[in-house]
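Hello,

Here is the structure I promised to pass on to you. Have a look at it first, and my notes follow below.

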Amino acid sequence: MPAKTVNLLVSLPQELDIGKPIKHEHSLELPVTPPKVVPVCPHCHSAGCVSKGSDGFQSIRHVPSGNVGVFLTFKKQRFYCPECRVSFTHHYSWQHHPLPITDALYLSILSDLSRPVPIPDIAAKNCVTDNIVRGVLKSIDIPRCPALPEIVCVDDFHGNAGVYNPKRKKWDAPVFQTCVVDGASGRIIDILRDRSSATVQEFFLSFPESQRKNVKFYSCDMSGIYAAAARKIFPDAVLCIDKFHVVQWLNLAVDAVRRRLQNEFRNDTKKYQKLKDSRLMLLTKECNQRAYWEAYGYEEKLARLQTLLAEFPDLCEVFDALHEYHFFCKADTEPVRRLRLTEWVNKYLSSDVEEVRNAAKTVQNWKENILNSFTHGITNGPVEALNNQIKRLKKISCGVHDFESFRKRILLCFGTTSFIRNQYTIFGEKRASKSNKIYIKKEELNHD
């Protein structure tokens with residue numbers, strides 16, 4: 001078989017001379033002879049370098065063959081630069097530095113990192129250690145999105161990733177991180193290290209004013225942090241409170257009343273048993289009850305629910321508040337929605353149940369922003385979908401401590417990224433001496 005064909009099959013440059021493979025117990029060794037090169041000093045970029053001869057052999061990992069690790073063995077070349085009087089080892093274009101792997105293996109690992117797969121599985125597939133996979137992840141650099149979209153969706157998620165504190169010998173990790181998503185396309189914009197007002201405002205203020213004026217809609221939950229950032233940074237944007245967050249708030253109120261009643265009647269076995277395991281039954285929408293309860297006996301479930309609501313007035317009050325809000329969501333015109341929501345707020349502001357009264361006060365405070373969500377059809381659905389994918393990635397990773405690595409992995413897996421030609425990347429014709437990162441560029445977002 002011609003040498004050029006062999007090089008192509010093993011993903012190596014055609015100018016390399018490959019010797020006879022040497023089989024070991026758990027690996028395969030390929031002796032290679034690189035062609036003579038005219039080195040350039042990585043410090044002063046002078047071409048008049050003098051060879052100092054070979055400095056022993058070097059082995060680096062290559063793409064595995066048939067689940068067997070492959071090593072490339074070649075002579076290291078040392079050179080001396082008369083201009084700056086510095087000696088250096090020459091690194092070939094097909095060799096990744098400082099990681100002891102080839103660029104072909106680097107690409108393979110990077111491709112696997114762009115899928116939600118555990119790092120140990122990626123290491124086993126490429127016959128490398130976990131530390132090499134983490135080294136590849138740390139070596140990449142993902143710049144921020146070049147432009148803000150017209151619809152910005154913001155929400156937090158449980159990340160528990162932060163920065164290592166050498167003094168405390170612990171990770172300073174906030175509980176929540178912030179996910180910023182394009183509401184029109186569902187593409188992720190960036191991940192912020194926490195959900196503080198300073199961090200959110202710093203991120204958006206890093207964009208020029210012309211980009212910030214491009215934002216027409218800003219969707220978030222009923223968090224004062226995100227809303228305050230919207231009013232300050234995007235004064236012309238329409239602030240929308242996702243209608244499903246109101247449902248979530250009312251679901252929590254239902255659950256809070258149920259747990260309070262269970263604690264009150266803990267010593268009353270009969271009443272306690274009626275309240276036990278009733279959460280999902282109370283939260284099921286009326287239009288879905290028959291479909292969801294058919295397998296468990298619809299009539300029996302409905303009879304139990306009616307008995308439960310008749311016996312516990314507080315539970316009946318919060319149950320009615322939740323399902324009346326579901327009825328309000330079905331209104332199809334602006335005047336009807338506004339009228340129904342106003343009536344709902346006025347009715348439950350004077351409720352005797354504290355949880356219902358607090359929920360009504362919250363809805364009253366965000367009334368106009370909730371109506372904006374219905375009027376313009378803006379929801380936090382795209383960011384909630386990404387949050388579920390991030391939770392899955394975190395679960396298969398068994399938790400991630402380092403925030404930067406966590407952010408890069410999220411953007412690789414769920415962001416819109418593409419490789420570009422750059423002198424600092426594995427695709428370039430030359431490599432810088434101080435930077436060995438591969439740059440990944442966000443695709444230009446088309447919001448026309």
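**What turned up**

Setting aside neighbours within four places in sequence, Lys 216 is in contact with Glu 150, Ala 237 and Val 238. Please keep in mind that this is a predicted model. Lys 216 sits in the loop between helix H6 (209-212) and strand E15 (217-220).

Together with Phe 203, Phe 204, Phe 207 and Tyr 218, Phe 234 forms one aromatic cluster.

**Aromatic pairs**

The count for the model comes to 17 aromatic pairs. One of them joins Trp 293 and Tyr 298, whose rings are tilted, with 6.4 Å centre to centre and 35° between the planes. Both Trp 293 and Tyr 298 are buried. Another pair is made by Phe 328 and Phe 374, and here the arrangement is edge-to-face, at 5.1 Å centre to centre and 70° between the planes.

The cut-off for buried is under 20% relative accessible area. Phe 328 has 1% relative accessibility, so Phe 328 counts as buried. Phe 374 has a relative accessible area of 12%, and therefore it is buried too.

**A buried threonine**

Thr 362 is part of helix H15 (residues 354-365). With a relative accessible area of 14%, Thr 362 is buried. Which residues does Thr 362 touch, leaving aside its neighbours within four places in sequence? Thr 362 is in contact with Met 222 and Trp 249.

**The second largest pocket**

Of the 19 residues that line it, the closest to its centre are Asp 155, Asp 156, Asp 221, His 245 and Gln 248. Strand E10 (151-158), helix H8 (243-264) and helix H17 (381-396) are the elements that give two or more residues to this lining. H8 gives the most, with 5 residues. What is the lining made of, by class? There are 7 charged, 6 polar and 6 nonpolar residues in the lining of the second largest pocket.

**The chain as a whole**

The protein chain has 18 helices and 18 strands. Of its 448 residues, 43% are buried. Among contacts in the chain with a separation of 6 or more, 59% are between residues 24 or more positions apart. The chain exposes about 23,600 Å², and 52% of that area is supplied by carbon and sulfur atoms.

Happy to go through any of this with you at the screen.

Best wishes

Terms used
Residues are numbered from 1 along each chain as its sequence is written. This is a predicted model: local features need pLDDT of at least 70, side-chain atom pairs count only at pLDDT 80 or more; totals for chains, interfaces and linings use all residues. Side-chain values use heavy atoms; hydrogens and water are left out. On a 1 Å grid over the protein atoms alone, a cavity is a set of points where a 1.4 Å probe fits but cannot get out, and a pocket is an open set with protein on both sides within 12 Å along at least five of seven lines; lining residues have an atom within 4 Å of a point. Helices (H or I, at least four residues) and strands (E, at least two) are DSSP runs, numbered from the N terminus. Ala, Val, Leu, Ile, Met, Phe, Trp, Tyr, Cys and Pro count as nonpolar, Asp, Glu, Lys and Arg as charged, and the others, Gly among them, as polar. Buried means under 20% relative accessible area, exposed over 50%, partly exposed in between (1.4 Å probe, protein chains only). Contact means heavy atoms within 4.5 Å. Accessible areas come from the Shrake-Rupley method with a 1.4 Å probe; for residues, only the protein chains shown count as cover. Rings of Phe, Tyr and Trp (its six-membered ring) pair if their centres lie within 6.5 Å; planes under 30 degrees apart count as stacked, over 60 as edge-to-face and the rest as tilted.
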